[in-house]
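Trainee: I would like a close look at a single part of this model. Please take me through it step by step, and then show me what lies around it.

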Amino acid sequence: MKHGVTALAIVAALATACGTPPPESTRGGHVTALTGGRVLASPQAAAIPDGVVLIEDATITAVGAREAVRVPLGARVIDCAGGTVTTGFWNSHVHFTGTEFRAADTASAESLAAALRAMLTSYGVVHVVDTGSFLPNTLALRRRIESGEVPGPSILTAGSGFASGGGSPYYILPAKIPELTRPEDAALIDAELARGGDIVKLFTGSWATPSSIVVMPVDVVRAAVEVGHRRGKLVFAHPSNSPGARAAIEGGVDVLAHTFPTSLDGSPWDRALPAMMKERGVALIPTLKLWPYELKRAGLPADLVERILGNGMAQTRAFAELGGQLLFGTDVGYMTDYDPSEEFVYLQRAGLTPAQILAMLTTAPAVRFGRARTGRLGPGLAADVVILDGDPGVDVRAFAKVPAATEARAGASRCRRVRPRGRGRRCCRSHGPRRGDRSGTP
């Protein structure tokens, strides 16, 4: 696709997935109507069983029941019966550290587009937060997306993460990330943000060895958070365990990038932490699938895998019951299994409803990251639209079922609509970090 493609190109491609192609006589108009699908305009709104979404260029102009929305004469009409129409998704925890993303400034546009599609847009993801990668490379990838050369998602990036003294994660050796030993070392964060970082990532609890977690001192966390907030940036924390989570919360971070289900000494996780998080406005990205993924790769017994996963689900449940803000994220790019279906199943096992999961994917990140024109379907909002094959209200795995014709042909221009017309396209794969990757940290 060429730079400047409008929303019409998106929904024209949706025809293959949703129904029959529009008749020749309706092609070429400026309005497209998605009709007959089950429309989920937002997590809070009631589903519209036989809905219509009208799109003009890159903006939604109407959403409602078929009998209430007049489809203009000459509009492209696409039958989406049997599908669910909703807004494009956020994945708030990814990594651009795989081999396909190295040398992003010179790699072919086709290879980058294929990699992004396999990891992200094939699952309806149009906005991402990269929580650890080599900053110059990720910025090069973003520039090529924003120029319209490569279809891909909107990207917020942390660049390098920061660990406590002696706490650089063992699993990226021989590479290391910058370490903060004293509060004064937070000046390193200022430098990374000056180079183009959008957020700050702290390892407040870091696996320095396979059997030890280094916790960042709270005064160092506070100093780092002060630097980030002074620049208007959100601060994420990788907690690993309860002490790492407590240091993050007491230090003033904005987002926990994981639940914290592990304990080196077998002690129970700290039940006071969810309430502390809610009181201080800290958001949580559960990344539940990560725990069985990692533990099974390590060959650990099934009962231990289930216990750790159970801790993560219990933390998620406790936080949700308090009304805490949950964000969806999977740690793909570190994980090489990109399919988010299991994450949706684990979130449901943790007690979340389909509407709560949809909020994690849409409205919650739109609010947290300040993207007011995303996260919902409504007049005047960006035309980020995804078509799901099935009803996630019946089976949450439908959140991961985006018909191939939709993502492969339409994803690029659909993702693009994060920004005003003419600012490039957005859409979305990677393989996890190999030993020696720079900042390939989960």
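Is Gln348 buried, partly exposed or exposed?

Mentor: Gln348 is partly exposed, because its relative accessible area is 39%. Buried would need a value under 20%, and exposed a value over 50%. Keep in mind that this is a predicted model.

Start with the place of Gln348. The residue belongs to helix H10, which spans residues 341-349. Now look at its contacts. Leave out residues up to four places away in sequence, and Gln348 touches Ile357 and Val396. Arg317 is 31 residues apart from Gln348 along the chain. Their C-alpha atoms are separated by 9.6 Å.

Next, compare a helix with clear sides. Helix H4 covers residues 187-194. Its buried residues are Ile189, Glu192 and Leu193. They share one side of H4, because they cover an arc of only 100° around the axis. An α-helix has 3.6 residues a turn, so residues three or four places apart point the same way. On the other side of H4, Ala187 and Ala194 are exposed. Just after H4 comes Gly196, with a positive phi of about 125°.

What covers the buried residues of H4? The cover includes helix H3 (135-146) and helix H5 (218-230). Strands E9 (162-164), E10 (179-180) and E11 (200-203) are also among the covering elements.

Stay with Ile189 for a moment. Set aside its neighbours within four places in sequence. Ile189 is then in contact with Phe162, Leu180, Val200, Leu202, Ala224 and Val227. Ile189 also belongs to the largest nonpolar core, which has 87 residues. Among the members that touch the most other members are Ile189, Phe96, Leu141, Leu202 and Phe399. There is also a second, separate core of 14 residues. That one includes Val53, Ile60, Leu377 and Ala383.

Phe236 has Val255 in E15 as its bridge partner. Strands of a sheet pair through backbone hydrogen bonds, either parallel or antiparallel.

Finish with the loops. Pro174 sits in the loop between E9 and E10. The peptide bond from Leu173 to Pro174 is cis, with omega near 10°.

Ala103 lies between strand E6 (89-94) and helix H2 (109-119). Its phi is positive, about 55°, although Ala103 is not a glycine. Thr287 is found in the loop between E16 and helix H8 (290-297). Thr287 is not a glycine either, and its phi is near 45°, a positive value.

Thr287 is buried, with a relative accessible area of 0%.

Key
Residues are numbered from 1 along each chain as its sequence is written. This is a predicted model: local features need pLDDT of at least 70, side-chain atom pairs count only at pLDDT 80 or more; totals for chains, interfaces and linings use all residues. Side-chain values use heavy atoms; hydrogens and water are left out. A nonpolar core is a set of buried Ala, Val, Leu, Ile, Met, Phe, Trp, Tyr and Cys residues joined through side-chain atoms within 4.5 Å. Buried means under 20% relative accessible area, exposed over 50%, partly exposed in between (1.4 Å probe, protein chains only). Contact means heavy atoms within 4.5 Å. Helices (H or I, at least four residues) and strands (E, at least two) are DSSP runs, numbered from the N terminus. The arc is that of the directions from the helix axis to the C-beta atoms. Two strands pair if DSSP finds at least two bridges between them.
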